[in-house]
Amino acid sequence: MAPQAPTIEVPTDAELLQAQADLWRHSLYYLASMGLRCAVQLGIPTAIHNLGGVTSLPDLLTALSLPPSKQPFLGRLMRVLVTSGVFAAGNESGVELFRLNPLSSILVDGVAADDHHIQTSFVLAATSPHYTEAALGLADWFRKEVAGPVPSPFEDVHGAALFDESMALVDKDLDALANDALAAHDNLGIGTIMRECHDLFKGLESLTDCCGGDGTTARAITKAHPHIKCTVLDLPKVIDKVQPDGIVNYVAGDLFHTIPKSQAVMLKLVLHHLSDEDCVKILSQCRNAIPSREEGGKVIIIEIVVEPSLEPIMFEAQLLMDMAMLVNTRGRQRDENDWRELFMKAGFSDYKIVKKLGARGVFEVYK
């Protein structure tokens, strides 16, 4: 007797139609990302800003110096970007007007203002061919059996690790773009942290900002707390490009091996790129660099804290960032239990979450 074929529960007509619409959305979401990339490449956020923050479609077309024949197509692009929350829109006297909103405002170029850290490089890096090619290789990556540490799909496809010196040998332009994106992403929100976490830097005399880049964050801390002596630790290739400013002390080194001693050590959006094993190594070095809790010693960690109880859009953003880590690095986004386990493995005695800000949490970890 022939084996029976497995059966499947057939959706209702309404469920089937909804399933098809959902399938369209999930299969074509990448077009929203590419639409955002297009908007950044065309300079649409900056053009709207230069037009006073609000514009009609014909005026936007003219400001972008696009051919008149492309106006209907630009309208369709803007419709998708409005629907996905990149821009705002309204109707005045029968004319559709497009406006900046908080998301598109952080994509405006050429503006000098405190807390304005332009995120265009993040968009261009995240939607670049190298990133998308790594994601397209995900199924093949899952099928491969690998001995030892598992490389990321990005490493598997391109033969180099993102943010590693080997990346410059593969594509200098992408390496520069990815590092610009990393700096822009990491510096966004430091003003908010300093305003919301009033006591985070209170009483500190010295602080080392690990992977602090050009010192943007350290300078912001020093400006708000002039009594704190700030040191930036980063790789030689980063420090060599920094112009000394007389405000921040810059040290070239590797946080896996040694961290300058200070009352506090800060890791801001560093550990999510790394494996648990590497995180423990770095945290152990941080522990060696600070005094006891009684002497005011602490490690300040600013990282995403995965939390299903967050509003759905924020939680989805956390999970997408975790997928970005899966595809492009050996790291991951972690929940509070994951962070606690790393702290204890590194020899710390206690920690607290000072505050949760959006998708991120601000930790104080004690020796």
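Buried residues make up 41% of the 367 residues in the protein chain, where buried means under 20% relative accessible area, exposed over 50% and partly exposed in between, with a 1.4 Å probe and protein chains only. The model is predicted, so local features need pLDDT of at least 70 and side-chain atom pairs count only at pLDDT 80 or more, while totals for chains, interfaces and linings use all residues. Residues are numbered from 1 along each chain as its sequence is written, and side-chain values use heavy atoms, with hydrogens and water left out.

**Exercise 1. The chain as a whole**

State how many helices and strands the protein chain has, and describe its extent, surface and contacts.

Solution. 
- Step 1: There are 17 helices and ten strands in the protein chain; helices (H or I, at least four residues) and strands (E, at least two) are DSSP runs, numbered from the N terminus.
- Step 2: Taken along the principal axes, the C-alpha atoms fill a box of roughly 75 × 65 × 40 Å.
- Step 3: Accessible areas come from the Shrake-Rupley method with a 1.4 Å probe; for residues, only the protein chains shown count as cover.
- Step 4: Of the contacts between residues at least 6 apart in sequence, 60% join residues at least 24 apart. Contact means heavy atoms within 4.5 Å.

**Exercise 2. Aromatic pairs**

Find how many aromatic pairs the whole structure holds, and work through the pairs Trp141 with Phe142 and Phe343 with Phe363.

Solution. 
- Step 1: A search of the whole structure gives seven aromatic pairs. Rings of Phe, Tyr and Trp (its six-membered ring) pair if their centres lie within 6.5 Å; planes under 30 degrees apart count as stacked, over 60 as edge-to-face and the rest as tilted.
- Step 2: Trp141 and Phe142 pair edge-to-face, at 5.0 Å centre to centre with 75° between the planes. Trp141 is buried at a relative accessible area of 16%, whereas Phe142 is exposed at 58%.
- Step 3: Phe343 and Phe363 are also an edge-to-face pair, 5.4 Å centre to centre and 75° between the planes. Phe343 belongs to helix 17 (residues 336-345) and Phe363 to strand 10 (residues 360-366), so this pair ties together parts that are 20 residues apart in sequence. Both Phe343 and Phe363 are buried.
- Step 4: Trp339, Phe343, Tyr351 and Phe363 are linked into a cluster by ring pairs.

**Exercise 3. Arginines over rings**

Which rings have Arg293 and Arg334 over their faces?

Solution. 
- Step 1: Apply the criterion: a charge sits over a ring if NZ of Lys or CZ of Arg is within 6 Å of the ring centre and within 35 degrees of the ring normal.
- Step 2: Arg293 lies over the face of Tyr366, 3.7 Å from the ring centre.
- Step 3: Arg334 lies over the face of Trp339, 5.3 Å from the ring centre.

**Exercise 4. Cysteines**

Solution. 
- Step 1: A disulfide is a covalent bond between the sulfur atoms of two cysteines. The cut-off here is a pair of cysteine sulfur atoms within 2.5 Å.
- Step 2: For Cys197, the closest cysteine sulfur is in Cys230, 16 Å away, which is too far for a bond. Cys197 is buried, at 3% relative accessibility.
- Step 3: For Cys211, the closest cysteine sulfur is in Cys210, 6.5 Å away, again too far for a bond. Cys211 is partly exposed, at 31% relative accessibility.
- Step 4: The search of the whole structure finds zero disulfides.
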